[in-house]
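Here is the note you asked for on this entry. Please read the points alongside the coordinates.

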Amino acid sequence: MRLRARRTHSNGSNVRKNISNNPFRELSLSIFLAISIAALPSLAAAAPAPGDLAELSIEQLSQIQITSVSKQQESLLDAAASVYVITNKDIRMSGVTSIPEALRLAPGVEVARNGSHEWAISIRGFNSDIANKLLVLIDGRSVYSPLFAGVFWDAQDVLLEDVDRIEVVSGPGGTLYGANAVNGVINIITRSAKETEGGFLEIGGGNEEDAFIGLRYGTELGNGASLRSYIKSFDRDNAVDANGVAVNDNWQMTQGGFRLDWLASESDRFTLQGDIYRGRESGLFRDSFTLGTLPGPSFNSHSDLAGGNVLGRWTRQLDQDSDFSLQAYYDHTERDIPNTYNESRDTFDIDFQHHFNLFERHDILWGVGYRLTRDKIDNSLFASFMPDRRTDRTYSAFIQDKIDLQDDKLFLTLGSKFEQNDYSGFEIQPNARLTWLISERQTLWAAASRAARIPSRLDADLVLTAPVSIPGLPFPIYINVIGNDEFESEELWAYEAGYRIQARDNLSFDLSVFYNEYDNLQTTEPETPIVVINPPVIYIVLPNSLANGMRGQSHGGTLAIKWNPISNWRLQFNYAYFDMQLRNKPGSQDTSALRIVGNSPKNQFSLFSFLDLPQNVSLFTGLRHVDELPNQNVDSYTALDVGIDWTPHKNLSFSLVGRNITDSSHAEFSAPGVEAERSIHGRLTYRF
């Protein structure tokens, strides 16, 4: 666990003044326009390569088939939710090297880098490095941790070349996905083995991405089966603090895996895939201590993480309007943090779903599921989970009916998830969505949903003891936080609406708004201090317990505009607005409301340019602006990213990517602390 100091601003108005006069924002915008305009004379001669998803027109992009909103294939234009698709070409052209960096391309996703291997990522508020209201899937496998109900982003990796698309759904998805799909669902979908036959090699490095390499090979096995395997590894340099001094947080990871797809018949498809990984993350860790003494000085060391998973899926087409799927996976994770805790966890999950039509107007989807997770934790005095071993089971069922109210133009979708878990008991998460297909190019939708964030090990079983050093005090003080085995689920009632229009073949707009009501939010409640006198040992404990003492509201919306000025140039504008108010329930003495509210920016906007030039050259330019984070003492920032890719031969390409090129470094979360730096890296890819 890294130790961080805090910086305070003496005057909030001065901060806003500095933001409004930020020269880097003007410089970034000027460079963005200069790069885009300079390439205009060459555009007419450019010719996109055939067959790539991102080469489609704006109109064709709106018809991309997605699955995350309804668990059934439907076009993006018709989806009754705020959903955005990041394509494989978007990922390649932007030059991102990780899933968190790719998520910056979607509107409304709060992505804040907090070091070499740490991110704070959320949707619609509550952002932190342990954010717990976002469900993330990789090829149908949930990657949230039951330890704290969030995502360890440093452990989520794939070979980005094999990603088909990332579907980002803003808003609750509890009806289909269950607990923890509260404020959004991110679904990372990789290509089938059939689509990735042949060899692929990438190698690169830079001043931050010290070195990275990836190798994949796919082959056809015959009888409708294809197999691919891959291995990748990277070494990332230390980040810097506000003074430009390197901190000890370098990061190394190695991961490999395989995917087998078999089209056994016209009706039956099978998938078997798996991954294994191991990594090491340097950091500054607190020394061990005993009660009555203060810990020694912090020391440089490293934490280790490792894991693996295997997933199998069988899909059968029963007839034109009916199908079912059966999926099961096993996941193992390990994480060892010096003088904090060591977790080993095994998870088994099985899910069945069946889809069919009934009486012509009813499109029914139902399913059942079972999840078992078992952990073993080696505790420390600083962080303990009691008991140190636990097995939890979740039983679930859901049903959803999409009702055609008027001739394939007006639809009402009703459904609910029913779950039984070992923490809060029985949970119901209903949903109602109304979709009006105004025309072939216009969709209006509205929704009301309930979602729940069920308790985790942290809520129920945590015992945290943190020493506090006060100069001049002859004895130590400890802050003690204890979990609550009667902790209830955090609850959301969400109300959403959206309008999506394909205004022209080369221009589309997607607007969504929301209003959320939260209850039973987590609070830390202070209790009576304890003075321990046992000469020569004297110390004070300030005990706190976790409770459900907060409620509140949030509202906001997103706007996404895509425009092809000409066939080889796509501009994408994203804007997100967010506002939140939280308040304590009667009797609560928690003081975290302002902290939580101040962790998310009110305004975010981005402008991306994807440009195909002659001579097989492509150019990406990305301009991003993020408002200040008052609680984190983080000023607003504007970042400019540029990437250029040249393919001199159909099997060989070179790329050069620069990030934050108008700013040497800036804080994105928790200042002063670790900052995001200006960086540049090169990449070579070869296909064989």
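1. The model is predicted. Its largest nonpolar core comprises 48 residues. Those with the most contacts inside this core are Ile86, Leu103, Trp153, Ile166, Val168 and Ile186.

2. Which residues does leucine 103 touch, leaving aside its neighbours within four places in sequence? The contacts are Ile86, Val109, Val111, Ile121, Trp153, Ile166, Val168 and Ile186.

3. The count of salt bridges is 45. One of them joins the side chains of arginine 124 and glutamate 496, at 3.1 Å from N to O. These partners lie 372 residues apart: arginine 124 is in the loop between strand 5 (119-123) and strand 6 (135-138), and glutamate 496 is in strand 26 (residues 490-504). Arginine 124 has 6% relative accessibility, under the 20% limit, and therefore counts as buried. Glutamate 496, at 4%, is buried too.

4. Arginine 457 pairs with aspartate 375 in a salt bridge, with 2.9 Å between the closest N and O atoms. This pair also links distant parts of the chain, from helix 8 (residues 457-461) to strand 18 (residues 362-379), 82 residues apart. Arginine 457 is buried at a relative accessible area of 1%, and aspartate 375 is buried at 4% relative accessibility.

5. Both Asp375 and Arg457 belong to a network of salt bridges that also takes in Glu343, Arg345, Arg390, Asp392 and Asp461.

6. Arginine 165 and glutamate 167 form a salt bridge whose closest N and O atoms are 2.6 Å apart. Both residues are buried.

Definitions and conventions:
Residues numbered from 1 in each chain as written. Predicted model: local features only at pLDDT ≥ 70, side-chain atom pairs only at ≥ 80, totals over all residues. Heavy atoms only, no water. Core = buried A, V, L, I, M, F, W, Y, C linked by side-chain atoms within 4.5 Å. Buried < 20%, exposed > 50% of the residue type's maximum accessible area, 1.4 Å probe, protein only. Contact = heavy atoms within 4.5 Å. Salt bridge = Lys/Arg side-chain N within 4 Å of Asp/Glu carboxyl O. Helix = DSSP H or I, 4+ residues; strand = E, 2+ residues; numbered from the N terminus.
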